[in-house]
Amino acid sequence: MATPPTLAVWKFASCDGCQLSLLDCEDELLAVAGAVRIAHFLEASSAVAGGPYDISLVEGSVTTPADVARIHRVREQSGVLVTIGACATAGGIQALRNSADVDEFRRVVYARPEYVATLAESTPISAHVAVDYELRGCPISRAQLLELLSALLTGRRPRLPTHSVCFECKQRGTPCVLVAAGTPCLGPVTQAGCGAICPAYGRGCYGCFGPMAGADAGALASVLRAAGATGPDLARLYRTFNAAAPTFMAAAASAESVAGEAAGPGGDDDDSPK
Ligand code: SF4
Ligand code: SF4
């Protein structure tokens, strides 16, 4: 009988939510566990086997000098490397530091900041090593994870969406919250995969699956302003989960600059309605 491929799961700076999505696969996990040999998955077991590994799932972003060295070691030992979640694919929530002063954060949060080795920016795994596939979301979609694993195990191309969340709203018959209710929504520029959960509950999408390939997130700004997301609120909307995704980062910076110009020198930089 052929030896099953080995699977390793690695954690960098993250909340573990995406690894929990794998554990949360319940019934399917038994099939996955039967099809692979789980060689390294500390969230599930302290028993680890040495590499090389056929498939590596990497959660989390690179935020420390030690992370930089470790991700290169993971890449060297991995056949296929898949990044899972907003942290690993776009720096995650911790990339909010990229537009702030990380030394100030360190001083405010830690009693002995001199012991905390951290980088000025949180960066996605792809900024450091070659990545074979990316699964978006905060957390990732279980269905997409299972689709990717079964595609890798059967040697076919995974079917992962490249269209926007708007498409999923139309599929499930959800009225557009932006057009019908004037709710600021990033759905038009966000990659599908969640099933348009937030609009289905009357909320705007805040972009947790990151920008759709080729999206110009800034082009949506005038529509979002008309819906009431202005100044710092607009910048926050773009930054929330995928602050280091280039098109969201540029759109947030542009929103801040427009707000700053509207406020004028020494003025209130919040241009939201008073
Ligand atoms: S992407 Fe979200 S759920 Fe996944 S590890 Fe990062 S913060 Fe947690
Ligand atoms: S609608 Fe947007 S914010 Fe909500 S789960 Fe989907 S991608 Fe994430």
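Which residues does Asn242 touch, not counting residues up to four places away in sequence? Asn242 touches Ala86, Thr89, Ala90, Gly207, Cys208, Phe209, Gly210 and Phe248, where contact means heavy atoms within 4.5 Å. Asn242 sits in the loop between α11 (231–239) and α12 (246–263). Helices (H or I, at least four residues) and strands (E, at least two) are DSSP runs, numbered from the N terminus. Asn242 is buried, with a relative accessible area of 1%. Buried means under 20% relative accessible area, exposed over 50%, and partly exposed in between, with a 1.4 Å probe and protein chains only.

This is a predicted model, in which local features need pLDDT of at least 70 and side-chain atom pairs count only at pLDDT 80 or more, while totals for chains, interfaces and linings use all residues. Residues are numbered from 1 along each chain as its sequence is written, chains are lettered from A and ligands numbered from 1 in the order in which they are written, and side-chain values use heavy atoms, with hydrogens and water left out.

**Ligand surroundings**

A residue is near a molecule if one of its heavy atoms lies within 4 Å of it. Ligand 1 is surrounded by Ser14, Cys15, Asp16, Gly17, Cys18, Glu59, Gly85, Ala86, Cys87, Gly137, Cys138 and Pro139. The elements giving two or more residues to this shell are α1 (17–23) and α4 (86–90). By class, the shell of ligand 1 has six nonpolar, four polar and two charged residues. In this scheme Ala, Val, Leu, Ile, Met, Phe, Trp, Tyr, Cys and Pro count as nonpolar, Asp, Glu, Lys and Arg as charged, and the others, Gly among them, as polar.

Around ligand 2 are Thr190, Cys194, Cys198, Pro199, Cys205, Tyr206, Gly207, Cys208 and Phe209. That shell has seven nonpolar and two polar residues, and no charged residues. Gly207, Cys208 and Phe209 from the shell of ligand 2 are also among the contacts of Asn242. Ala86, which is in the shell of ligand 1, is another residue that Asn242 touches.

**Backbone geometry**

The peptide bond between Cys138 and Pro139 is cis, with omega about 5 degrees. Pro139 lies in the loop between β5 and α6 (142–154), and both Cys138 and Pro139 belong to the shell around ligand 1. Another cis peptide bond runs from Gly51 to Pro52, with omega near 5 degrees. Pro52 is placed in the loop between β2 (37–41) and β3 (53–59).

Asp16 is not a glycine, yet has a positive phi of about 80 degrees. Its place is in the loop between β1 (6–11) and α1. Ala196, also not a glycine, has a positive phi of about 55 degrees and is found in the loop between α8 (177–181) and α9 (197–200). At 0% relative accessibility, Ala196 counts as buried.

**Salt bridges**

A salt bridge is a side-chain nitrogen of Lys or Arg within 4 Å of a carboxyl oxygen of Asp or Glu. By this rule the count comes to nine. Among them are the following pairs.

| Asp16 | Lys11 | 2.5 Å |

Arg75 counts as buried at 17% relative accessibility, whereas Asp132 is partly exposed at 37%.

Asp103 and Arg106 are separated by about one helical turn, because they are three residues apart in helix α5. Asp103 is partly exposed, with a relative accessible area of 35%.

**Cavity**

The structure holds one cavity of 30 Å³ or more. On a 1 Å grid over the protein atoms alone, a cavity is a set of points where a 1.4 Å probe fits but cannot get out, and lining residues have an atom within 4 Å of a point. Grid points are joined across faces, edges and corners, and a volume is the space filled by probe spheres set on the points. The largest cavity has a volume of about 70 Å³. Val165, Cys166, Cys169, Lys170, Cys176, Val177, Cys185, Gly187, Pro188 and Pro199 line it. Helix α7 (residues 165–172) gives the largest share of this lining, four residues. By class, the lining has eight nonpolar, one polar and one charged residues. Pro199 is one of the lining residues and also belongs to the shell around ligand 2.

Key
On a 1 Å grid over the protein atoms alone, a cavity is a set of points where a 1.4 Å probe fits but cannot get out, and a pocket is an open set with protein on both sides within 12 Å along at least five of seven lines; lining residues have an atom within 4 Å of a point.
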